[in-house]
Amino acid sequence: MTEALQHTAPSHAHGDSTVSGRNVGQPVLRYGGEDRTTGAQRFVADLEFTNALQVALVTIPVGCAEITGIDTAAALRIPGVVDVVAGADLPSPMPRFGVSHQDRPVLADGRVNFHGEPVAAVLAETAEAAYAGARAVHVDFNELPGVYTLDSALAPGAHLVQDPALRPGDPLADTNVIKDALYTWGDIAAEEERTATVVENTYTFPMVTHFPIEPGGTVAIPTDNGGIEVYSPVQHPYLLQQTLAKLLGLPLNKVRVCAPDPGGAFGGKQNPKLEPLVATLALRTGRTCRLILSLEETFQSMRRAGCRITARTGFTEQGHLTFHEVNADFLIGAYADVAPRVMQKGSYVAAGPYRMPAVRVAGRAVLTNTTPSTAFRGYGSPQVTWATESQLDAGARALGLDGLEIRRRNLVGNGEAFVRGECEAKADGEWIQSLEKAAELIGWDQPLAPNRGRGIAVGIKPGATSGLSQSLVRLLFDGSAIVYAGTSDMGQGARTLWQQIVSDELGVELDKVSVVSGDTSTVPFDLQTSASRSTVFMGSATVLACRDARRRVLELYAETHGIPEEQLSEEPGLLVTPDGEVSLPEAARAALGSLRGEFIGQGTRRLRGKGHHPLGGDAAFYEFNATAIEVEVDRETGELLLTKHVTVSDVGTELNPLQVVSQDEGAAIMGLGHSQMEQLLIDDHGRIRNLGALDYRIPTFKDVPVELISAAIENHDGPGPYGSKGISEGALLCTAGALGSAVAAATGVVFRDLPLTPETVWAGLQAADLGQPD
């Protein structure tokens with residue numbers, strides 16, 4: 001069965017859920033959760049491979065340099081070292097890969113472009129020998145004047161991060177801007193004539209790392225047919241398969257990707273990084289090659305793009321928005337990865353979910369000699385949301401309004417456009433309900449103690465704009481079932497939902513449903529696991545596969561019993577016969593008879609893109625969230641105590657309330673990371689100063705709010721199964737905006753640079769006491 005994904009009319013029927021089963025809509029415990037909590041789950045580093053060579057990377061201690069020589073003699077003398085491979089040992093021209101641009105070399109190609117970029121790889125019989133060999137490799141290099149900040153990268157005559165020859169025909173090739181975007185509508189000049197108040201400010205959002213609990217790792221095994229098997233905890237197994245096939249000159253059927261469950265990803269394990277190198281080494285040596293990164297090396301392989309946003313916003317005397325001008329520069333790193341699309345997608349919603357008569361948003365993806373940035377929960381929206389929500393609060397202060405009221409006056413209604421022009425975007429939910437619910441739960445109008453303040457903010461993120469997900473479901477003779485789905489379960493609990501759906505749709509006991517995923521030789525195609533798409537795309541494909549299987553049961557039951565098909569009907573878990581209802585597993589056994597066997601259902605859900613659309617197509621849905629925070633500020637130290645944190649998401653339908661709360665709380669706390677403490681610090685040589693867990697702070701249980709409240713708005717108006725939407729990113733979109741607003745309310749001081757560390761807050765308070773401008 002195949003069904004194209006279409007936008008559906010919102011239902012608005014509160015409480016009129018289409019969830020009909022015993023398990024869907026219930027807080028079912030996570031599939032595979034016991035193994036994770038007991039430590040039984042085996043990650044890539046835990047898998048055993050016989051006769052495997054261990055790989056260690058050779059790097060240099062600067063962010064930009066010309067490689068003038070590599071001496072491997074000392075390394076090759078170390079017992080156990082088998083080979084040392086440098087860029088000169090690979091084909092010329094150097095093989096390159098990438099998502100939006102084919103710009104990333106398998107190994108540094110004569111020049112290092114970021115701190116941690118591998119110059120060579122040492123292969124040895126043991127990990128200890130490989131690490132010793134890597135330390136023994138001597139690299140001669142001339143440090144180059146790399147660009148590590150937006151200002152240096154954009155300056156006239158700046159050092160070019162990439163050779164313009166890599167971007168033939170690109171008018172921006174002689175600059176460090178790899179992609180720009182412009183979204184405009186309305187007449188700003190005309191709107192300025194009716195504008196009473198204009199606020200203009202610059203905001204910064206830090207570079208932060210994903211910090212997955214499981215570091216990166218890859219194992220590559222050459223096969224007897226000249227192919228390759230790769231084990232890697234990637235979010236997109238089929239994308240990795242396609243990348244390797246193209247790079248290695250192999251047909252797809254000779255490239256197998258196995259993706260064990262990752263220990264955290266958050267977007268950082270979406271796209272190929274070191275897998276092409278390890279696969280190349282395996283084919284070169286004819287042996288299994290294994291690379292397991294340290295946490296420090298993982299820091300050097302993935303991060304979120306930093307951003308600087310200048311915004312100019314107009315308001316009427318009544319607090320209605322008139323225009324919004326945004327210039328957003330995303331600091332993306334040395335290679336494109338997926339960062340140009342992060343910039344495009346973030347910039348697309350830079351005006352927020354508001355009624356904006358005139359808008360001009362200009363975004364740029366700027367190359368720097370830093371770790372390449374990639375997808376990260378929120379995908380560009382948190383950066384621009386920090387600025388736009390802060391602008392709303394600045395306008396409110398200027399007009400004597402509060403943060404809640406100014407949003408009430410400007411938030412779009414259901415079906416109303418918030419992006420206008422040729423490719424407009426319309427609200428797909430009653431978003432005002434989330435805003436009002438957040439205000440209610442935070443106690444917006446309640447009195448505040450001294451040094452306390454409340455802030456409220458909203459955020460919007462487009463879901464997937466194209467996609468193809470395929471699922472197979474097998475209903476076995478004994479009444480058990482297996483579902484095959486390519487979605488990677490990277491913490492969102494996707495397999496739990498497939499288990500719930502199959503249980504209800506086929507009438508199979510929950511513990512008799514198993515899920516297979518993560519192996520391109522076994523599961524059908526899934527475009528990718530990202531953009532909170534899994535529920536909407538693969539969930540829909542799984543529902544359709546179940547219904548296909550139900551139809552096949554009906555057809556064979558009719559044939560076996562000599563009953564005209566039109567006298568039978570099927571519904572979730574049941575076959576309805578002239579003699580009454582029969583459970584679907586029982587009907588399946590009766591239909592199969594002595595031959596036994598099984599029924600196989602197939603489901604496909606797709607959304608075709610639009611070539612003329614700036615995002616490649618309309619979003620299947622939007623993630624909308626309203627966050628409210630109450631904070632207490634210690635004016636002597638600058639420390640913040642979050643006394644209450646409320647997050648309310650528009651979810652369509654909660655297929656598993658426990659998982660919705662888990663995702664919402666996880667995103668909220670992650671949002672506090674970039675809002676309060678997280679930032680990658682780069683020195684003058686491009687080196688990351690705070691590599692690893694000791695020097696890079698992330699929120700712990702000591703940092704979570706005193707009271708964290710998660711709520712959901714259900715109107716059953718989403719395009720996914722039973723009216724659901726994707727929800728796993730919403731709660732971090734506007735965390736910074738709500739926190740910044742609360743701190744300003746508590747102190748009277750406005751902060752525009754993240755993170756709001758105690759030092760930053762204390763310095764701001766001291767400057768205010770001395771009468772210095774904020």
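These are my notebook entries on a few features I looked up in this predicted model.

**Ground rules**

I number residues from 1 along each chain as its sequence is written.

I take helices (H or I, at least four residues) and strands (E, at least two) as DSSP runs, numbered from the N terminus.

**Entry 1: a hairpin**

I started with strand 26 (residues 574-577) and strand 27 (residues 580-583), which run antiparallel and are joined by four bridges. Two strands pair if DSSP finds at least two bridges between them. A hairpin of two residues takes the chain from strand 26 to strand 27. Looking across, I found V576 opposite E581 of strand 27.

**Entry 2: helix 10**

Helix 10 covers residues 381-399, 19 residues in total, and spans 27 Å from first to last C-alpha. That is close to the expected 27 Å, where the expected span is 1.5 Å times one less than the number of residues. Is the helix mostly covered or mostly open? It is mostly covered, with 16 of its 19 residues buried. Buried means under 20% relative accessible area, exposed means over 50%, and partly exposed is in between (1.4 Å probe, protein chains only).

**Entry 3: cis bonds and positive phi**

I noted a cis peptide bond between S92 and P93, with omega about 0°. P93 sits in the loop between strand 4 (81-86) and strand 5 (96-97). The bond from L754 to P755 is cis too, with omega near 0°, and P755 belongs to the loop between helix 17 (735-747) and helix 18 (758-769).

Next I looked at residues other than glycine with a positive phi. F211 has a phi near 50° and lies in the loop between strand 11 (197-205) and strand 12 (217-222). F211 counts as buried, at 15% relative accessibility. D337 also has a phi near 50°; I found D337 in the loop between strand 17 (321-333) and helix 9 (339-348). With a relative accessible area of 7%, D337 is buried.

**Entry 4: aromatic rings**

How many aromatic pairs are there? I get ten, using this rule: rings of Phe, Tyr and Trp (its six-membered ring) pair if their centres lie within 6.5 Å, with planes under 30 degrees apart counted as stacked, over 60 as edge-to-face and the rest as tilted.

One of them is F49 with Y231, an edge-to-face pair at 5.2 Å centre to centre and 65° between the planes. This pair links distant parts of the chain, 182 residues apart: F49 is in the loop between helix 1 (33-38) and strand 2 (53-58), and Y231 is in strand 13 (residues 228-231). Y231 is buried at 17% relative accessibility.

Why does the pair of W431 and F624 count as stacked? Their ring centres are 4.9 Å apart and their planes are at 5°, so the pair is stacked. W431 lies in helix 12 (residues 431-442) and F624 in strand 29 (residues 622-633), so the pair ties together parts 193 residues apart in sequence. W431 is buried at 1%, and F624 is buried with a relative accessible area of 1%. I also saw that ring pairs link F418, W431, Y622 and F624 into a cluster.

**Entry 5: salt bridges**

I count a salt bridge when a side-chain nitrogen of Lys or Arg is within 4 Å of a carboxyl oxygen of Asp or Glu. The structure holds 42 of them.

Among them, D261 meets R36 at 3.5 Å, N to O. D261 is in the loop between strand 14 (255-258) and helix 7 (275-285) and R36 is in helix 1, so the pair ties together parts 225 residues apart in sequence. D261 is buried at 12%, whereas R36 is partly exposed at 25%. R30, R36, D261, D489 and R495 form a network of salt bridges.

I closed with R312. Its partners include E192, with the closest N and O atoms 2.4 Å apart, and E325, with the closest N and O atoms 2.8 Å apart. E325 is in strand 17 and R312 in strand 16, so that pair ties together parts 13 residues apart in sequence. E325 is partly exposed, at 22%.

Terms used. Predicted model: local features only at pLDDT ≥ 70, side-chain atom pairs only at ≥ 80, totals over all residues. Heavy atoms only, no water.
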